[in-house]
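Here are a few notes to read alongside the structure. Take them one at a time, with the model open beside you.

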Amino acid sequence: MAELPTSARIVIIGGGVIGLSCAYHLAKLGAEDVILLERHQLTSGTSWHAAGIIGPLRASMNLTKLAVYATELLPAIEAETGQATGYKQTGGFWLAQTEERMRELRRIADIGHMAGLTPEILTPDEIGSRLGLLNTSDITGGMWVAEDGQANPVDVCMAYAKGARDHGARLYEGVSVATVHTKEGAVHSVETSDGHTIRCEKVLNCAGAWAHALGKTSGVAVPLQAVEHMYVVTEPIKDLPQPFPILRDLEGRIYIKEDAGKLVLGGFEADAKVWRPDSAGPDAPFLELPEDWDQFAPFMEAGLNRIPTLSESGIQHFMVGPESFTPDTKQVMGEAPECANYFVAAGFNSIGIISSAGVGKVMAKWVTDGAAPMDLWDLDIARFEPHHNTPQFLDARVQEAVASQFEMHWPYKQMKTGRDLKRTAFHDAFAARGAVFGAPTGWERPLFFAAGETLSYSYGAQSWWPHAEAEVEAMSDHAALLELSPFGKFKVEGQDAAAYLQRLCAADVDGSVGQITYTPMLNARGGMEADLTVTRLSETSFMVVSGAATRRKDLTWMQRAIGAGEDVAVSDITEERAVLGLMGPAAREVLARLTEDDLSDKAFPLATSRKIQVGHTHVRASRLSYVGEMGWELYIRATEAAKVMELFAAADLPVLGLFAIDSCRMEKGYRHWGHDLGPEDTPLEAGLGFTVAGDKPGGFTGLEALQRQKDEGLERRILLFEAGPEPLLLHEEPVLRAGQYVGRTTSAARGFRTGKNLCFANVAVPRGEPLSETRNAGYEIIVEGERHPLTPLSKPPFDPSGERLKA
């Protein structure tokens with residue numbers, strides 16, 4: 001083995017398909033001094049035993065974009081390096097046994113068509129005529145994806161390795177990493193297990209099933225858990241059709257593919273066996289775990305049902321190996337919040353081979369540029385909270401994560417495991433009112449209120465609609481209480497706090513004490529990295545409030561933006577403050593019964609905040625609303641929140657759940673970061689130009705990009721649309737203009753106050769086209785293969801003048 005260097009610019013840890021793809025793309029991009037360390041041999045962790053299915057069609061447009069790149073790269077890298085990859089396009093069937101599954105497949109097919117793929121929805125007879133050995137008697141139909149295919153995992157890895165070396169990367173085998181050392185919150189060096197130190201600028205943890213343990217040594221949380229993944233390989237089967245298509249029997253929980261005249265049969269069970277790196281004894285390469293025929297029996301039965309002639313074939317090999325899964329079944333990527341320049345690409349939920357090409361490409365840009373080249377929030381490691389990395393949570397969640405690979409991906413689905421780990425101070429009070437809870441961001445939150453009911457799922461009318469509608473009606477008639485505690489809440493203080501926030505925020509936040517300013521924080525490209533409010537508490541302190549899901553991301557963004565020598569401190573106060581919303585036309589009257597402070601519009605206008613006394617408790621009252629009704633957000637010390645809640649409980653006020661809140665914000669045209677807004681969207685495109693203070697002294701991050709965009713003209717817009725009453729709108733539905741794909745929906749909801757079926761969509765427009773012409777164009781939306789008319793709205797359908805809000 002070549003002598004290890006004492007320094008490198010970028011160190012990649014892990015020589016599987018992900019690490020090797022990252023090495024190849026970094027080197028090809030021109031990154032210098034890139035090394036890769038593999039503890040044993042390349043591919044010897046989990047990549048070597050992957051099934052090698054190349055399935056480019058995923059459940060969202062961005063994930064599909066990442067996956068489609070593999071169908072372009074694998075032939076190209078084979079030609080570039082001369083190393084075969086075994087890639088071939090075979091086509092593939094997705095089989096359904098229920099009508100609801102067919103509805104899901106139609107929606108996925110819609111995404112495929114938008115991405116330029118050619119999915120077809122087929123009847124059982126059509127499927128049987130294309131592959132005669134299938135039993136189709138128990139299926140409702142299915143989907144054919146011509147672009148499905150397969151590759152040889154080891155050969156793919158070797159192609160990446162050769163390409164990486166050819167472009168200047170250095171790969172070292174037999175080098176185990178003990179830890180990554182940090183200094184002043186950033187990567188400093190890598191220490192190998194034999195004590196060798198490599199000083200470096202950046203690290204990329206691609207250690208697969210071992211990434212969690214490696215991250216832990218540096219205080220970096222990598223939420224993934226490995227399980228024992230199983231498949232069998234049959235003996236050669238005579239006269240198999242060639243090419244043999246990929247089979248996904250979704251209700252059967254199995255996949256089937258061909259391999260050199262044999263069939264590979266595997267699946268995703270509901271009771272997967274947890275596996276830890278230290279549970280197998282010595283750390284060995286090319287690890288195979290003990291066979292477990294009892295565990296595999298349901299897969300075998302499903303396979304025999306789907307292809308009856310399998311009963312005539314023997315089993316040549318039973319493969320059991322580790323495979324890592326994440327809590328939400330999406331990979332973990334990006335820069336770790338705990339440590340600057342520590343990047344992660346791991347936890348691929350059994351789709352590492354198909355993901356490797358796109359992941360390597362975007363991670364190379366992410367590592368070199370310090371920013372993702374596209375909106376990858378769904379995959380960003382910062383989406384997880386610290387408790388998601390605990391053994392208790394991961395053990396509870398991983399079985400459900402494995403099972404969900406082939407289970408129905410229902411609208412509004414809530415995970416069942418790993419729950420009740422984060423409760424707010426108001427949890428019991430809302431539970432007593434009949435709350436049906438969900439945990440979309442880790443915190444338990446009331447979704448809707450219906451004592452004794454549970455959340456049921458459908459691709460049609462939602463069972464909770466009548467409950468949410470009643471909640472909205474009660475609020476609009478009087479006033480309601482809202483659980484808002486999971487908001488991300490941060491204290492920004494110091495002599496330079498005002499100047500610092502002025503630099504980060506697009507709006508002018510340097511107002512008087514008590515002023516609340518709605519503002520985005522932008523990246524250098526003008527894209528929105530955060531969507532939040534800034535409340536001035538004093539001359540040198542501010543409170544920043546952002547979304548619940550983006551708490552860690554926003555905190556990290558702000559902390560890393562503090563300049564050298566700036567007197568600024570940013571702290572997370574989310575769990576110190578409970579937040580109770582009081583919204584509705586009677587909110588002032590209700591609150592006035594509990595405080596002697598002046599709540600009149602003159603004394604307490606919209607977008608202002610101050611301390612008041614509620615009962616015997618001092619709270620911060622902020623007059624703003626995400627539901628379009630007059631009201632206050634009450635910020636209360638968590639230790640005193642129960643006392644305040646008792647006062648409101650005595651008034652027997654209506655309550656409003658998260659689903660109803662979302663309905664109301666859509667009716668007001670309020671955008672949501674992570675759905676409607678993201679790092680690729682500028683305020684000008686989003687219709688949030690009013691938040692941009694382009695003339696404030698010193699400017700702000702992203703101003704130059706906005707000025708260029710304004711001069712050159714917009715090419716995209718985020719618009720509010722109304723559809724007809726029939727389709728269930730969610731997100732990712734294709735949008736057409738004059739019969740051509742121009743974009744997709746970003747979020748949607750039924751408006752219970754207006755009776756409208758609403759959605760936001762991000763659509764392409766001719767550069768510089770006036771907004772009036774954009775809105776006058778003809779639009780359609782595709783839902784489950786059917787086209788429906790869309791009407792752009794020029795103003796929010798509920799209280800467009802804001803009279804209720806400003807009352």
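How near do the axes of helix α1 and helix α8 come, and at what angle do they cross? Point 1 takes this up; please keep in mind throughout that the model is a predicted one.

1. **Two crossing helices.** Helix α1 covers residues 17–29 and helix α8 covers residues 352–369; their axes come within 8 Å and cross at roughly 45°. Because of that angle, α1 is oblique to α8. The crossing of the two is right-handed. On the α1 side, the contact is made by V17, I18, S21, C22, H25, L26 and L29.

2. **The nonpolar cores.** Next, look at the inside. The largest nonpolar core has 60 residues, and V11, L37 and Y342 are the ones that touch the most other members. Helix α7 (residues 293–306) gives this core its largest share, 4 residues. A second core is separate and has 51 residues, among them A23, A31, A164 and L379. As general background, nonpolar side chains tend to be buried together in soluble globular proteins.

3. **Around Y342.** If neighbours within four places in sequence are set aside, Y342 is in contact with residues including V180, V187, V203 and N205. Other contacts of Y342 include L214, G215, S218 and V220, as well as G334, E335 and A336.

4. **Strand β1 and its partners.** Strand β1 (residues 7–13) is mostly covered, with 5 of its 7 residues buried. β1 pairs in the parallel sense with strand β12 (residues 197–205) over 6 bridges, and here I12 has L204 as its bridge partner. β1 also runs parallel to strand β2 (residues 34–38), to which 4 bridges join it; in that pairing I10 stands opposite V34.

5. **An open sheet.** Three strands, in the order β3-β8-β4, form an open sheet with antiparallel pairing. At the edges are β3 (53–54) and β4 (88–89), each of which pairs on one side only. Between β3 and strand β8 (residues 149–150) there are 2 bridges, and I53 stands opposite Q150.

6. **A covered loop residue.** Is L224 buried or exposed? L224 sits in the loop between α6 (211–216) and β13 (225–234), and its relative accessible area of 2% makes it buried. Apart from neighbours within four places in sequence, the contacts of L224 include G208, H212, F325, T326, A346 and L394. L224 and D395 are 171 residues apart along the chain, yet their C-alpha atoms are separated by 9.7 Å.

7. **Backbone details to check.** Most residues other than glycine have a negative phi, and most peptide bonds are trans.
   - Q242 and P243 are joined by a cis peptide bond, with omega about -5°; P243 lies in the loop between β13 and β14 (246–249).
   - S350 is not a glycine, but its phi is positive, about 75°. S350 is in the loop between β20 (342–346) and α8 and is partly exposed, with a relative accessible area of 26%.
   - A738 also has a positive phi, near 50°. A738 is in the loop between β35 (734–737) and β36 (740–751), and its relative accessible area of 71% makes it exposed.

Technical notes
Residues numbered from 1 in each chain as written. Predicted model: local features only at pLDDT ≥ 70, side-chain atom pairs only at ≥ 80, totals over all residues. Heavy atoms only, no water. Core = buried A, V, L, I, M, F, W, Y, C linked by side-chain atoms within 4.5 Å. Buried < 20%, exposed > 50% of the residue type's maximum accessible area, 1.4 Å probe, protein only. Contact = heavy atoms within 4.5 Å. Pairing = 2+ DSSP bridges. Axes fitted to C-alpha atoms, helices over the stretch in contact; angles between N-to-C directions. Parallel < 35°, antiparallel > 145°, perpendicular 65-115°, else oblique. Left-handed = near helix turned anticlockwise from the far one by under 90°.
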